[in-house]
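Hi,

Here is the model we talked about, with my notes below it. Please have a look at the coordinates alongside the text.

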Amino acid sequence: MAQHFARHNFWGRSWSVLYWLPTGVFLSHYFYNIKTVSGRSMQPTLNPNSSPSRDVAIFSRFDVQRCGREDIVTLCSPEDPNRTLIKRIVAVEGDVVQTLPPYPDKEVIVPPGYVWVEGDEPFFSDDSNRFGPVPQGLIRSKLVMLVWPPERFGPVKSREIPKNSYRQINRLALSQLEKEKARRSRVEVQIRES
């Protein structure tokens with residue numbers, strides 16, 4: 001009797017999985033997917049040194065058309081189509097960017113239909129400072145939230161320096177905030193008329 005119940009329970013679960021599998025595949029292919037983030041290019045935002053494990057995040061394929069400055073996105077590498085990159089959009093079409101080495105020009109105006117992407121850690125990042133502006137068509141998904149590790153669960157927010165609290169912020173956090181401020185200062189945002 002117990003053997004019959006175990007066999008019935010196995011087939012019941014199997015049918016349940018098979019029944020819902022097409023729905024899961026459809027949702028992950030067209031709307032949301034879960035990715036493990038590897039590499040150091042987005043430190044400290046993703047995979048900070050303080051974390052013993054890699055970050056796992058939910059990305060939305062549905063919001064790709066609404067990506068803008070400061071959004072973290074996955075994109076197909078312009079140098080190797082089999083490689084997926086995770087970067088932050090720093091500038092959009094019409095913006096003027098003061099580039100970093102090894103880019104040959106000191107300034108670039110982002111052309112229509114393109115974005116300028118960079119990693120948060122420029123010394124460990126293959127980004128627009130290497131290959132130039134990226135066609136928006138290469139963007140695959142937009143970061144929605146972190147799901148692992150549990151202590152960092154939730155949406156990724158940009159950090160701001162709280163007023164009158166420099167003493168309360170440790171040096172590492174202050175350094176990270178200064179990097180963000182320096183990155184933003186290199187972009188001249190162009191106001192677009194509607």
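First, the ground rules. This is a predicted model, in which local features need pLDDT of at least 70 and side-chain atom pairs count only at pLDDT 80 or more, while totals for chains, interfaces and linings use all residues. Residues are numbered from 1 along each chain as its sequence is written, and side-chain values use heavy atoms, with hydrogens and water left out.

**An open sheet.** Helices (H or I, at least four residues) and strands (E, at least two) are DSSP runs, numbered from the N terminus. Three strands make an open antiparallel sheet in the order β6-β5-β10; two strands pair if DSSP finds at least two bridges between them. At the edges are β6 (107-109) and β10 (187-188), each of which pairs on one side only. Strand β5 (residues 96-98) is joined to β6 by three bridges, and Q98 stands opposite E107 in β6.

**R186.** This arginine sits in the loop between α3 (171-185) and β10. R186 counts as buried at 12% relative accessibility (buried means under 20% relative accessible area, exposed over 50%, partly exposed in between, with a 1.4 Å probe and protein chains only). A polar atom of the R186 side chain lies 2.7 Å from the backbone oxygen of Q98. R186 also forms a salt bridge with E118, with the closest N and O atoms 2.4 Å apart (a salt bridge is a side-chain nitrogen of Lys or Arg within 4 Å of a carboxyl oxygen of Asp or Glu). E118 is in strand β7, so the pair ties together parts that are 68 residues apart in sequence. E118 is buried, as is R186.

**Other salt bridges.** The count comes to nine salt bridges. One of them links K142 with D71, at 3.6 Å between the closest N and O atoms. K142 is in strand β9 (residues 139-148) and D71 in the loop between β2 and β3, so this pair connects parts 71 residues apart in sequence. Both K142 and D71 are buried. R83 and D126 form another, at 3.4 Å; here R83 is partly exposed, at 36% relative accessible area, and D126 is partly exposed at 22%. Shared partners join E79, R83, D126 and R130 into one network.

**Nonpolar cores.** A nonpolar core here is a set of buried Ala, Val, Leu, Ile, Met, Phe, Trp, Tyr and Cys residues joined through side-chain atoms within 4.5 Å. The largest has 14 residues, and those with the most contacts inside it include V73, L75, I89 and V117. Two or more residues of this core come from each of β3, β4 (84-92) and β7 (114-118). A second, separate core has nine residues, among them M42, F59, L143 and L146.

Which peptide bonds are worth a look? The one from Q43 to P44 is cis, with omega near 5°, and P44 falls in the loop between β1 (32-36) and β2 (56-60). The bond from P101 to P102 is also cis, with omega near 15°; P102 belongs to the loop between β5 and β6. E70, a residue other than glycine, has a positive phi near 75°. A search of the whole structure finds zero disulfides (pairs of cysteine sulfur atoms within 2.5 Å). C67 is buried at 17%, and C76 is buried at 12%.

Best wishes

Technical notes: Polar contact = N/O pair within 3.5 Å; in protein donor to acceptor, adjacent residues only side chain to side chain.
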